[in-house]
Amino acid sequence: MVATIAEREKELLDRVPTGLLIGGEWREATGGATFDVEDPATGRTLLSIADAGPEDGKAALDAAAAAQEGWARTAPRERGEILRRAFDAVTARADEFALLMTLEMGKPLAEAKGEVTYGAEFLRWFSEEAVRAFGRYSSSPEGKLRVLTVKKPVGPCLLITPWNFPLAMATRKIAPAIAAGCTMVLKPAALTPLTSQLFAQVLIEAGLPAGVLNVVPTTSAGKVTGPLIKDARLRKISFTGSTPVGRRLLADASETVLRTSMELGGNAPFLVFEDADVDAAVEGAMAAKMRNMGEACTAANRFLVHRDVAERFSTAFAEKMKALTLGRGTEESTTTGPLIDAKSRDKVHELVTAAVESGATPLVGGAPAEGEGYFYQPTVLADVPAGNRILQEEIFGPVAPITVFDDEDEAVRLANATEYGLAAYVFTKDLNRGLRIGERLEVGLLGLNAGVISNASAPFGGVKQSGMGREGGTEGLSEYLSTQYVGIADPWADQA
């Protein structure tokens, strides 16, 4: 007998660990505290899991610190093999991970399966990079010393992940830390912790030693992570989330001079020039805007379109958005899921309302959807005045504001008119123009005639107030390594 979707959901949720992972064991939080994780498509509770407190955070760091020396001495090949086994396990269980992400985050199953592929690739990529933490040996210029540089793991790390990509944001941080030989305390987002719980269990089954990864879901993030950041044993913090929270963490990290990786907010411009393939630009716009219902830091946030093609682009874009189907991500017909919670949905509507009141024209959408869950209609706004609030803030929802421009200089000025600098997208048939614009845009990531560019083999990160450091690529491993220089006396000195 084939199980119904409800039966599959229950079977899967029954397999998700609900405790804290500390020192290789799943255990209750101090005092037995728990919190509920809900389905944003219905508002109903999925599971109750352990709610860590400050004592639990300290216990997790104790375990990570105790395991650090032995883990650092573990052969790089062995660390890589653990990651490879984890890649194989996640890939084999892709349907489970996809369904779990759909349940707790809301994205359609097809998108969730795409995230499994993307997230698992960090495990495979860093399984191969684990053996490539190379130093160097050379002669000093005057020949009196030999220069030996050694790459060493930074040490215990605090990893703080967001709710929007529950698997990929965990693998993007955990995989390079494992490859480099660092132990970890992972604090997953309270809105979507279940995927991290299941992934941690997979790592245990793949042979990750006790204490290397510790997981402390909590609804009191500051109370748990604050003392850890002040603890001299912690040597790095990697955070993905909002810029305001990132600023506070950077200030706290300065007290102990922690290594930091900050992947913060975005306000990505999407530039369409008069010579662009408009049909390709519309497809790229759909990918750049609607991936994850627009709940991505790389999501196109501002559509800057040349006046000559603005009407054609806007009309075609609105037609594509209108054709999307809202629904629970487990339903086959669904192409757009809910936003993560009521607060997010209300903020999106507030931005849309303010834009319309200032003169923007809704071509499609413009309001929350009726019924249960936190759904918002896919929305396209034309004639959005430059400087409007919706162009200044990260929308994090299925809303596309369009503004026109007349030449390259104006396009660049509008694109750079933000404190953020994570991603940008440019559509043009002129390669020289694309490269020219790319050099002028203040961003860390550029999609040239492409609407999705994230890849495990490429460095991900921004400039300005979108953060510092890079995740993925060869650069991603370096974030978890420190360089030690050893000066060796000239081996030829006694031959003189």
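Over residues 26-486 the chain is 41% helix and 20% strand, with the end C-alpha atoms 42 Å apart; helices (H or I, at least four residues) and strands (E, at least two) are DSSP runs numbered from the N terminus. UniProt, in an unreviewed entry, places the feature "domain: Aldehyde dehydrogenase" at residues 26-486, and such annotations may be inferred rather than shown by experiment. This is a predicted model, in which local features need pLDDT of at least 70 and side-chain atom pairs count only at pLDDT 80 or more, whereas totals for chains, interfaces and linings use all residues. Residues are numbered from 1 along each chain as its sequence is written, and side-chain values use heavy atoms, with hydrogens and water left out.

An open sheet of 7 strands runs in the order 14-15-16-13-12-17-18 with mixed pairing, two strands being paired if DSSP finds at least two bridges between them. Strand 14 (361-364) and strand 18 stand at the edges with a single partner strand each, so one side of each is left without a neighbour in the sheet. Strand 17 (residues 423-427) pairs with strand 18 in the parallel sense over 4 bridges, and A423 stands opposite L445 in strand 18.

The structure holds 33 salt bridges, each defined as a side-chain nitrogen of Lys or Arg within 4 Å of a carboxyl oxygen of Asp or Glu. Three of them are listed here.

| Salt bridge | N to O distance |
|---|---|
| D14 and K10 | 3.0 Å |
| E263 and R172 | 3.3 Å |
| D275 and R433 | 3.1 Å |

D14 and K10 both lie in helix 1 (residues 5-15), 4 residues apart, about one turn of the helix, and both are exposed; here buried means under 20% relative accessible area, exposed over 50%, and partly exposed in between (1.4 Å probe, protein chains only). E263 is buried at 4% relative accessible area, and R172 is buried at 2%. D275 is partly exposed at 24%, while R433 is buried at 11%; both belong to a network of salt bridges that links E274, D275, E408, R433 and R436.

M293, a residue other than glycine, has a positive phi near 60 degrees; M293 lies in the loop between helix 10 (278-290) and strand 13 (300-306) and counts as buried at 1% relative accessibility.
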